[in-house]
Protein chains: 2
Amino acid sequence: MKSEAPTESLSEGRRRRGPYAKSAKRRSQIVDAAFEVFAARGYQGGSLQDVADRIGLSQTGILHYFPSKRDLLIAVLAKRDRMAESGRPDQQGDFDAEVLDQARHNESVPGLIELYTVLCGESATETYPAREYFIDRFRRLRAEYAAELAELKASGRLRDHVDVDRAAASLIALWDGIQTQWLLDREGTDVVGCLRDYLELILHPPTPAIPEPGLDF
Amino acid sequence: MKSEAPTESLSEGRRRRGPYAKSAKRRSQIVDAAFEVFAARGYQGGSLQDVADRIGLSQTGILHYFPSKRDLLIAVLAKRDRMAESGRPDQQGDFDAEVLDQARHNESVPGLIELYTVLCGESATETYPAREYFIDRFRRLRAEYAAELAELKASGRLRDHVDVDRAAASLIALWDGIQTQWLLDREGTDVVGCLRDYLELILHPPTPAIPEPGLDF
């Protein structure tokens, strides 16, 4: 995951100070503006003009960097992925602890959750350009979670009769659904509590770490 | 719930054959068309022109019946509620059996689920006209489900340590989330299976009905 960090060469460093750097900065400004517009109004409801207005560009100026609104959406989703990835608590702990840490972190980035919820809802519409993105995302996430749960099963933490694949899909579903409720009623919705309940229903508590004998006394 | 069935008087019957009946029919045509447009493109993405085109009317013709697009959205959501209500299996059985029956029924009305998913996602956007509708809907549904679970708790069917309010929110969240996955991947998503798993995690199996002694032999 961390292998994508740039390994900057001298020539790249040079280019960044030239026109390439300016262009990259402008692209990044446009994506930031589009992120805000799509989160606030959705992809369908947010126009290129809205994006352009936010940064004092013309629509033509934007289309110079992103040939279509669809390309801009794809760039916004890629930014979302990078933000989600960098916001992921960097721990090698238990799966359930990681899920709860991530859920706690998400409460500090409501704009990110809003963008995800709106665009994911829109993905059910016909001819939506990011439909494939969400299909792939769910497929990948379900496989990842199922693999984590299979490991927990092997180590004896999964409760009897829990189906690994359906539990993976259910956990993702519950998380998405409760975040939607949270966006509409932050005070009245306990995202972390609901996820913790679910994880406790499917998992035995982790075995407390046993101190190695003979070391401490 | 069923008290809303019309009690038709003679004069109403007369009016229905006159201009009133024509007007009601036209309104209903417009709502049907808007339902399809919003389900396919979302509220933000679907235009009044799209609705008008579907039934050979002008936008002005539509605005004669619905003064704004927002009014049309409210009418579509009211139709959704009526459809959801009439599609509800009419049984007085166990809560969990009713949930699963409803989930099975929903698989036969993907357009209804699509409309709900798209509009609910959009409700996270700013200044969305139906935001209040979804806030109210979640509030009402959570209270209804919590009341059902409290009854199950009183009858001893709720498992120990299950929090009634969080379980109500979680069940709704899981249902919404898994339906979204289903819209994107029908073959790979087992809506009923995931809901059944969750209900089995929080509830003891129902006690089989005990035949009254002395009647059968």
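Residues are numbered from 1 along each chain as its sequence is written, and chains are lettered from A, with ligands numbered from 1, in the order in which they are written. Because this is a predicted model, local features need pLDDT of at least 70 and side-chain atom pairs count only at pLDDT 80 or more, while totals for chains, interfaces and linings use all residues; side-chain values use heavy atoms, with hydrogens and water left out.

**Both chains**

Begin by colouring the two chains separately.

**Chain A as a whole**

Chain A has 10 helices and zero strands, counted as DSSP runs numbered from the N terminus, with helices being H or I of at least four residues and strands being E of at least two. Of the 217 residues of chain A, 45% count as buried, where buried means under 20% relative accessible area, exposed means over 50%, and partly exposed lies in between (1.4 Å probe, protein chains only). Among contacts in chain A (heavy atoms within 4.5 Å) between residues at least 6 apart in sequence, 66% join residues at least 24 apart. If you switch to a surface view, chain A exposes about 11,700 Å², of which carbon and sulfur atoms supply 51%; these areas come from the Shrake-Rupley method with a 1.4 Å probe, and for residues only the protein chains shown count as cover.

**The cavity**

A search of the whole structure finds one cavity of 30 Å³ or more; a cavity here is a set of points, on a 1 Å grid over the protein atoms alone, where a 1.4 Å probe fits but cannot get out, and its lining residues have an atom within 4 Å of a point. The largest cavity has a volume of about 200 Å³, the volume being the space filled by probe spheres set on the points, with grid points joined across faces, edges and corners. To find this cavity, select A:Thr117, A:Thr180, B:Thr117, B:Asp176 and B:Thr180, which lie nearest its centre among the 14 lining residues. The elements that give two or more residues to the lining are helix H7 (110-122) and helix H9 (164-184) of chain A, together with helix H7 (110-122) and helix H9 (164-184) of chain B.

**The cysteines**

Now select the cysteines. A disulfide is a covalent bond between the sulfur atoms of two cysteines.

Move to A:His161, in the loop between helix H8 (131-154) and H9 of chain A. Most residues other than glycine have a negative phi. Phi of A:His161, however, is near 70°, a positive value, and A:His161 counts as exposed at 82% relative accessibility. In chain B, B:His161 lies in the loop between helix H8 (131-154) and H9, with phi near 70° and a relative accessible area of 83%, which is exposed.

**Two stops in chain B**

Select B:His204, in the segment after helix H10 (191-202) of chain B, where it counts as partly exposed at 31% relative accessibility. Not counting residues up to four places away in sequence, B:His204 touches B:Gly156, B:Arg157, B:Leu158 and B:Arg159. The C-alpha atoms of B:His204 and B:Arg157 are separated by 5.0 Å, although the two residues are 47 apart along the chain.

Finally, select B:Ile62 in helix H4 (residues 59-65) of chain B, which is buried at 0% relative accessibility. Leaving aside neighbours within four places in sequence, B:Ile62 is in contact with B:Ile30, B:Leu48, B:Val51, B:Ala52, B:Leu57 and B:Leu72.

Note on methods. 1 Å grid on protein atoms, 1.4 Å probe; cavity = no way out; pocket = protein on both sides within 12 Å on 5 of 7 lines; lining within 4 Å.
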